[in-house]
Amino acid sequence: MTAGSNDKDGIPGRVSPVLSGLTIGSLILNPAFAPGVTNYTATTANNTNKVRAVPADDNALILVSINGEAVPNESSVAWNNGENVLIVSVAVDGGGHTDYTVTVTKE
């Protein structure tokens with residue numbers, strides 16, 4: 001199965017709860033984004049960056065939080081000095097969810 005396919009666990013019509021894209025402003029994710037990779041790091045000197053999470057399934061629910069505080073997808077988030085934990089949760093009808101975690105260090 002490939003990310004974003006219309007099969008989950010070989011069942012036609014079920015979609016995996018994955019992202020097809022994740023950007024945080026112009027920050028470089030390490031490792032580079034891939035739908036099956038769920039843990040990333042990034043470094044910034046910026047006070048804010050816009051988070052954009054794109055689900056593989058248009059009907060998926062996306063929840064974004066920074067340091068435990070919910071924020072809207074495609075909004076700018078403010079960074080604290082030091083480490084910040086950004087979590088993007090993807091959920092689809094029929095069950096299943098995936099959490100993507102990005103640890104952003106503001107220098």
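Me: How many salt bridges does this structure have?
Reply: The count comes to one salt bridge. Keep in mind that this is a predicted model.

Me: Which side chains meet in that salt bridge?
Reply: Arg-52 and Glu-74 do, with a distance of 3.6 Å from N to O. Arg-52 sits in strand S5, while Glu-74 is in the loop between strand S7 (69-71) and strand S8 (76-78), so the pair ties together parts that are 22 residues apart in sequence.

Me: Are Arg-52 and Glu-74 buried, exposed or something in between?
Reply: Arg-52 is partly exposed, at 40% relative accessible area. Glu-74 also counts as partly exposed, with 41%.

Me: Let's move on to sheets. What holds the strands of a sheet together?
Reply: Strands pair through backbone hydrogen bonds, and they can run parallel or antiparallel. Here, five strands make an open sheet with mixed pairing, in the order S4-S10-S9-S6-S7. S4 and S7 are the edge strands with a single partner each, so one side of each has no neighbour in the sheet. On average, neighbouring strands of this sheet are turned by 25° against each other, ignoring direction.

Me: How do I read the two faces of a strand like S4?
Reply: In a regular strand, side chains alternate between the two faces of the sheet. For S4, the covered face holds Tyr-40, Ala-42 and Thr-44, and the uncovered face holds Asn-39, Thr-41 and Thr-43.

Me: Tell me about Thr-44. Is Thr-44 buried or exposed?
Reply: Thr-44 has a relative accessible area of 4%, so it is buried, since the cut-off is under 20%. Its side chain makes a polar contact of 3.5 Å with that of Asn-49. Further along the sequence, Thr-44 also touches residues including Leu-27, Trp-79 and Val-104.

Me: And which residues touch the most other members of the largest nonpolar core?
Reply: That core has 24 residues, and Leu-19, Ile-24, Val-88 and Val-102 touch the most other members. Strands S3 (19-24), S4, S5 (48-55), S6 (61-66), S9 (82-91) and S10 (97-106) each supply at least two residues of this core. As for Ile-24, its contacts include Leu-29, Val-51, Leu-86 and Val-102.

Terms used. Residues are numbered from 1 along each chain as its sequence is written. This is a predicted model: local features need pLDDT of at least 70, side-chain atom pairs count only at pLDDT 80 or more; totals for chains, interfaces and linings use all residues. Side-chain values use heavy atoms; hydrogens and water are left out. Buried means under 20% relative accessible area, exposed over 50%, partly exposed in between (1.4 Å probe, protein chains only). A polar contact is a pair of N or O atoms within 3.5 Å; within protein, one must be able to donate a hydrogen and the other to accept it, and residues adjacent in sequence count only if both atoms are side-chain atoms. Contact means heavy atoms within 4.5 Å. A nonpolar core is a set of buried Ala, Val, Leu, Ile, Met, Phe, Trp, Tyr and Cys residues joined through side-chain atoms within 4.5 Å. Helices (H or I, at least four residues) and strands (E, at least two) are DSSP runs, numbered from the N terminus. A salt bridge is a side-chain nitrogen of Lys or Arg within 4 Å of a carboxyl oxygen of Asp or Glu. Two strands pair if DSSP finds at least two bridges between them. Axes are lines fitted to C-alpha atoms, for helices over the stretch in contact, and angles run from 0 to 180 degrees between N-to-C directions. Lists of a residue's contacts leave out its neighbours within four places in sequence.
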